[in-house]
Amino acid sequence: MLTTILIVLAALVAIGAFLEYSVYREVNSTETLNVSGAKSALLIYHPGLTSFTKDVAYAYADGLTSSGWRVQATTASQQVPSDLSEYELLVLCWPIYDLHPAPTITNYLHRAGNLQGINTTVITVGGGIDPLKAQEAMNNTVCNANGNIVQSLTMFRSQRNLAAVTAEAAKLAQ
Ligand SMILES: Cc1cc2nc3c(=O)[nH]c(=O)nc-3n(C[C@H](O)[C@H](O)[C@H](O)COP(=O)(O)O)c2cc1C
């Protein structure tokens, strides 16, 4: 009986570790949108298991580029610049997976250290289950790093209202 319980526990731990690794693995991808834009934003997103989080991130980028901004869109990884002096805006777009802020984003914030008061938009993507207040925790991490949150948006998978995200960015970009 004890052996069975231990085997089941070990299997659960292994499944949990695999899920954690799968959803939070770092991916290297970066591109610059509207290269000649007058103002610059650094958009950091954690790509989810599907394209949804990237779609949300790029919908926000659309709102900026269509208002004349240059956007460096990059996945959250070691390659992301920690010197933010050339950017007017930092955008963080991340999916909730384990009731907590995405470690790839918080690791970046810890690497960056002091955000020097940069205007910051936080976009939380989720399924609508946030009992441990992951969104608030992410916002607190940004504030503690001296980021100035100008927009905190939520996009639930069931909504899929990408036009609303673009409109929020356009509002800010004016
Ligand atoms: C393993 C796993 C854990 C999840 N945990 C949460 C959660 O704690 N809270 C929540 O609101 N949504 C949760 N979701 C839903 C995701 O946040 C949602 O599907 C979001 O769109 C992420 O993008 P994806 O579907 O491309 O992975 C979870 C999804 C998966 C696959």
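Me: What makes a residue count as buried or exposed here?
Reply: A residue is buried if 20 or more other C-beta atoms lie within 10 Å of its own, and exposed if 12 or fewer do. The model is a predicted one.

Me: Why is helix H1 said to lie largely in the open?
Reply: Of the 23 residues of H1, the number that reach the buried class is 0, so the helix lies largely in the open. H1 covers residues 2-24.

Me: How do you know what span is expected of H1?
Reply: The expected span is 1.5 Å times one less than the number of residues. H1 has 23 residues, for which 33 Å is expected, and its first and last C-alpha atoms are 33 Å apart, close to that value.

Me: Why is Thr75 called buried?
Reply: The cut-off is 20 or more other C-beta atoms within 10 Å. Thr75 has 20 of them, so it is classed as buried. Thr75 belongs to strand S3, residues 69-75.

Me: Which residues is Thr75 in contact with, leaving aside its neighbours within four places in sequence?
Reply: Contact requires C-beta atoms within 7 Å. With those neighbours left aside, the partners of Thr75 are Val27, Asn28, Ser29, Tyr45, His46 and Pro47. The C-alpha atoms of Thr75 and Tyr58, 17 residues apart along the chain, are separated by 12 Å.

Me: Why does Asn144 fall in its exposure class?
Reply: The exposed class takes residues with 12 or fewer C-beta neighbours. Asn144 has 10 inside 10 Å, and therefore counts as exposed. Asn144 is part of helix H4, residues 134-144. Between the C-alpha atoms of Asn144 and Leu92, 52 residues apart along the chain, the separation is 15 Å.

Me: What describes the crossing of helices H2 and H5?
Reply: The axes of H2 (residues 52-65) and H5 (residues 162-173) come within 7 Å and cross at roughly 35 degrees. The crossing of H2 past H5 is right-handed. Among the residues making the contact are Val56, Ala59 and Tyr60 of H2, and Val165, Ala169 and Ala173 of H5. The contact comprises 10 nonpolar, 2 polar and 3 charged residues.

Me: What makes up the shell around the ligand?
Reply: By class, the shell holds 10 nonpolar, 6 polar and 3 charged residues. Of the 19 residues around the ligand, those that come nearest are Gly48, Thr50, Pro95, Gly126 and Gly127. At least two residues of the shell are supplied by each of H1, H2 and strand S5 (119-126).

Technical notes. Residues are numbered from 1 along each chain as its sequence is written. This is a predicted model: local features need pLDDT of at least 70, side-chain atom pairs count only at pLDDT 80 or more; totals for chains, interfaces and linings use all residues. Helices (H or I, at least four residues) and strands (E, at least two) are DSSP runs, numbered from the N terminus. Axes are lines fitted to C-alpha atoms, for helices over the stretch in contact, and angles run from 0 to 180 degrees between N-to-C directions. A crossing is left-handed if the near helix is turned anticlockwise from the far one by less than a right angle, and right-handed if clockwise. Two residues are in contact if their C-beta atoms, placed from the backbone, lie within 7 Å. Ala, Val, Leu, Ile, Met, Phe, Trp, Tyr, Cys and Pro count as nonpolar, Asp, Glu, Lys and Arg as charged, and the others, Gly among them, as polar. A residue is near a molecule or strand if its C-beta atom, placed from the backbone, lies within 6 Å of it.
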